[in-house]
Amino acid sequence: ELLTLLTAKDQEGTTLFLDKLMEYFGRNQNILPNQAKDLYYKLFRSLEEAARQLKLTLSDKQENLIDALEKIFSFGELHQKLVRKTEAFFQAVDNTAEENSTIFMIKDYISQKYMNETLSVKDISDHVFLSTSYVCTFFKNETGQTLNQYLTEFRMEKAKELLCTTNMKVAMVSEKVGFANSSYFCRSFREYYGSSPESYRKGNNEDEEASEEV
């Protein structure tokens with residue numbers, strides 16, 4: 001329902017939806033915190049999907065959703081975060097020009113093919129029917145990042161998500177995000193985040209246990 005309202009750019013309907021959601025949780029105090037977080041995770045993902053469909057650029061689009069939710073300890077905080085992100089969404093609808101269609105095509109293609117270890121700049125340029133040199137220059141001018149920087153960032157975010165939400169071995173995570181060599185993946189992960197995949201997972205699990213105790 002939220003995704004439908006957002007993609008229709010129905011701000012009034014979205015506000016009503018959020019008000020009803022707040023009222024529902026206010027009446028049902030027996031809902032477990034993890035149940036609430038699970039629902040709100042899906043709502044945040046719906047918001048991200050709506051932005052993707054409308055080709056909108058949100059200022060905090062690179063925020064790791066799982067990390068952000070783990071730092072929230074009350075329903076009120078959870079709901080207000082969704083309200084703020086929704087307001088930012090409609091501000092983007094009103095004030096931000098739609099992302100260049102070529103940039104959107106490139107990013108969408110990467111989101112579908114990032115797990116392919118052989119994905120190259122040439123593959124991406126062929127997909128948008130432009131020369132490799134032009135695509136590289138164009139993407140850097142439009143986004144401030146090189147294509148390889150964006151691809152690495154995208155893969156690292158996906159790796160973090162897998163480490164946080166699954167028990168998948170690091171070698172499998174490496175494979176899932178497009179690294180043929182797990183040692184190279186571990187080295188890249190450490191350079192990017194300052195810790196090994198194993199240390200990041202352990203630290204995240206400890207934070208989760210602490211949150212549950214609170």
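Analyst: Helices are DSSP runs of H or I with at least four residues, strands are runs of E with at least two, and both are numbered from the N terminus. On that basis the protein has 12 helices and zero strands, and its elements run α-α-α-α-α-α-α-α-α-α-α-α from the N terminus on. The model is predicted, so that local features need pLDDT of at least 70 and side-chain atom pairs count only at pLDDT 80 or more, while totals for chains, interfaces and linings use all residues. Residues are numbered from 1 along each chain as its sequence is written, and side-chain values use heavy atoms, with hydrogens and water left out.

Helix 6 contributes Ile106, Lys107, Ile110 and Ser111 to the contact, and helix 9 contributes Leu147, Tyr150, Leu151 and Phe154 (contact means heavy atoms within 4.5 Å). By class, the residues of this contact are six nonpolar, one polar and one charged (Ala, Val, Leu, Ile, Met, Phe, Trp, Tyr, Cys and Pro are nonpolar, Asp, Glu, Lys and Arg charged, and the others, Gly among them, polar).

With helix 11 the arrangement is as follows. The axes of helix 9 and helix 11 come within 11 Å and cross at roughly 100 degrees, and these helices are therefore roughly perpendicular to each other. Here helix 9 presents Thr152, Glu153, Met156, Glu157, Ala159, Lys160 and Leu163, whereas helix 11 presents Phe185, Ser188, Phe189, Tyr192 and Tyr193. The residues of this contact divide into seven nonpolar, two polar and three charged.

Aromatic rings deserve a separate word. Rings of Phe, Tyr and Trp (its six-membered ring) pair if their centres lie within 6.5 Å, with planes under 30 degrees apart counted as stacked, over 60 as edge-to-face and the rest as tilted. By this rule the count comes to 12 aromatic pairs. Tyr150 and Phe154 form a tilted pair, 6.2 Å centre to centre and with 40 degrees between the planes. Because they are four residues apart in helix 9, Tyr150 and Phe154 are separated by about one helical turn. Both Tyr150 and Phe154 are buried (buried means under 20% relative accessible area, exposed over 50%, partly exposed in between, with a 1.4 Å probe and protein chains only).

Phe189, from the contact with helix 9, also pairs with Tyr200: the ring centres are 5.9 Å apart and the planes at 70 degrees, so the pair is edge-to-face. Since Phe189 lies in helix 11 (residues 182-193) and Tyr200 in helix 12 (residues 197-213), the pair ties together parts that are 11 residues apart in sequence. Phe189 is buried, with a relative accessible area of 0%, and Tyr200 is buried at 15%. One aromatic cluster is formed by Phe179, Tyr184, Phe185, Phe189, Tyr192, Tyr193 and Tyr200.

Conventions
Axes fitted to C-alpha atoms, helices over the stretch in contact; angles between N-to-C directions. Parallel < 35°, antiparallel > 145°, perpendicular 65-115°, else oblique.
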